[in-house]
Amino acid sequence: MAEQETTPGDSADAADAFAAAMGRTWTDDQPWNFITDLTALGDRMGGSAGERRAADLVADAFADAGVEGIELDTFEMNQWTRGWTELELTAPVERPFDAIALPYSPSGDVEAELVDVGYGTPDEIEAEDVDGKIVVASTTTPSGRFIHRMEKYGCAVDAGAEAFVFVNHIEGQLPPTGSLTFGDEGSVPAVGVSKETGAWLKEYAANTGGETGRVRITVEAETTPGESQNVVGHVGPHTDEELLLLAHYDAHDIAEGALDNGCGIATVVTAARILAQADLDVGVRVAGVGCEEIGLLGAERVAETADLSEIKAVVNVDGAGRFRNLVALTHDSDAMSAAAERIEETTRQPIDVDDAPHPFSDHWPFVREGVPAFQLHSDSGERGRGWGHTHADTRDKVDDRNIREHAMLTALLVDDLSKTDAPRLDLDDLAETFRENDFEVGMRAAGLWPAEWE
């Protein structure tokens, strides 16, 4: 690591500048202005023109915050474009329902018997005869580890399902969206339906009235070569070893993406403004990444183009800024847990530390290579995504006090990590932790189990 010479006066001035930047954040209107501009763009789906406009907005916000050396790094990806979707009950009566295709669903026209697999856990799918049928599964999980839709879809496909219906557990006629795979087209059509529609489908699947329900699903969609981009810059000293602070700025095409992840990228922009005034021991690479929602593609690009041996730790802001209390997911790293606990004690602000790992956000390309990482999230007090991944993920749900406070805590965490050790993860221990948390079956079905963990 490159060394910088400082004097006591320099250190005092830097501390004063950092404290002043923290203080200004309490009344800063930039977070609200930024998320207003971001959500006003509308569609920010990976690879779209809206996502590119959002990248330009992030670049401008980084520059205004004091981030240096800002570049747009473009990369190729598989762009999924929504066409139209139809879902019709064909037996015991004919009845249409509203539905939306899930990203990377292939086009298709399937009619088959319904089968309800409850929450869609691997055990529930295995317990039912789903071969040749249309599987109906909930967006939530009853207890324990939250089972991701990619795991549910992958297990259903492996068991022979002809199509997949994802049922929201949140009321309000809100069909959920969410990618089926990481960056490639799925093998069978899949759609999201509201809780209210799901209640009907589950009733028909239960053979109510003496005849098992049959459904016809028709999806028109297209997967074509596309291009996305990351916005990358730097704050702090120029050192060989760096921290990586990132958040994704893309969103699904059915809403404004205010909570997921408008609040997260707004938190990073605001934290970068503070960190530009900090006396950091190592530099910080700041990134707004694209295409998280359809496969962590932007984060994968950062990991592929970086020397991971020079990345000390990753701070992935996905979910912070949405709700009142910060959650620090530390992915089997004692050092990251200790950093969160230090900042909680110092600030007397609640930070819920959870050391269980998962592969479904932008930390994953780094964690699986042994780089310690946070995912900074926040707690709504309810299980699941809430308004996220629905038409209701709009700016009116945002409280920018949470963004400002979580940005201050993020800046303090980054500053702490710049001054303390963060040892590499032991990959054998990490793999075993994933197994102990019952990830292996679902990750294999989703194509996410690392080959080196065999």
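The loop that runs between β10 (283-289) and α8 (297-305) is where L296 is placed. In this predicted model, L296 has a positive phi of about 60°, although it is not a glycine. Its side of the picture is an interior one, because a relative accessibility of 1% lies under the 20% limit and L296 therefore counts as buried. A second residue that is not a glycine, R348, has a positive phi of about 55°, and it is found in the loop between α9 (334-347) and β13 (351-354). R348, however, is exposed, because its relative accessible area of 71% is over 50%.

One leads from A91 to P92, with omega near 10°, and P92 has its place in the loop between β1 (68-91) and β2 (95-97). The other leads from D260 to N261, with omega near 0°, and N261 is found in helix α7.

For F34, once its neighbours within four places in sequence are left aside, the residues in contact are L57, V58, A61, I265, A266 and V269.

Which residues is D109 in contact with, leaving aside its neighbours within four places in sequence? They are R216, I217 and T218. D109 itself is found in strand β4, residues 108-116, and it is partly exposed, because its relative accessible area of 45% falls between 20% and 50%. A17, by comparison, has its place in helix α1, residues 8-25, and counts as partly exposed at 23% relative accessibility.

Turning to the chain as a whole, the protein chain has 13 helices and 14 strands. Its radius of gyration is 22 Å, which agrees with the value near 22 Å that a compact globule of 454 residues would have. Taken along the principal axes, the C-alpha atoms fill a box of roughly 85 × 45 × 40 Å. Contacts between residues 24 or more positions apart account for 83% of the contacts in the protein chain with a separation of 6 or more.

Of the 454 residues in the protein chain, 57% are buried. The chain exposes about 17,800 Å², of which carbon and sulfur atoms supply 44%.

How values were computed. Residues numbered from 1 in each chain as written. Predicted model: local features only at pLDDT ≥ 70, side-chain atom pairs only at ≥ 80, totals over all residues. Heavy atoms only, no water. Contact = heavy atoms within 4.5 Å. Helix = DSSP H or I, 4+ residues; strand = E, 2+ residues; numbered from the N terminus. Rg over C-alpha atoms; globule rule 2.2 N^0.38 Å. Buried < 20%, exposed > 50% of the residue type's maximum accessible area, 1.4 Å probe, protein only. Areas by Shrake-Rupley, 256 points an atom, 1.4 Å probe, with all protein chains shown as cover.
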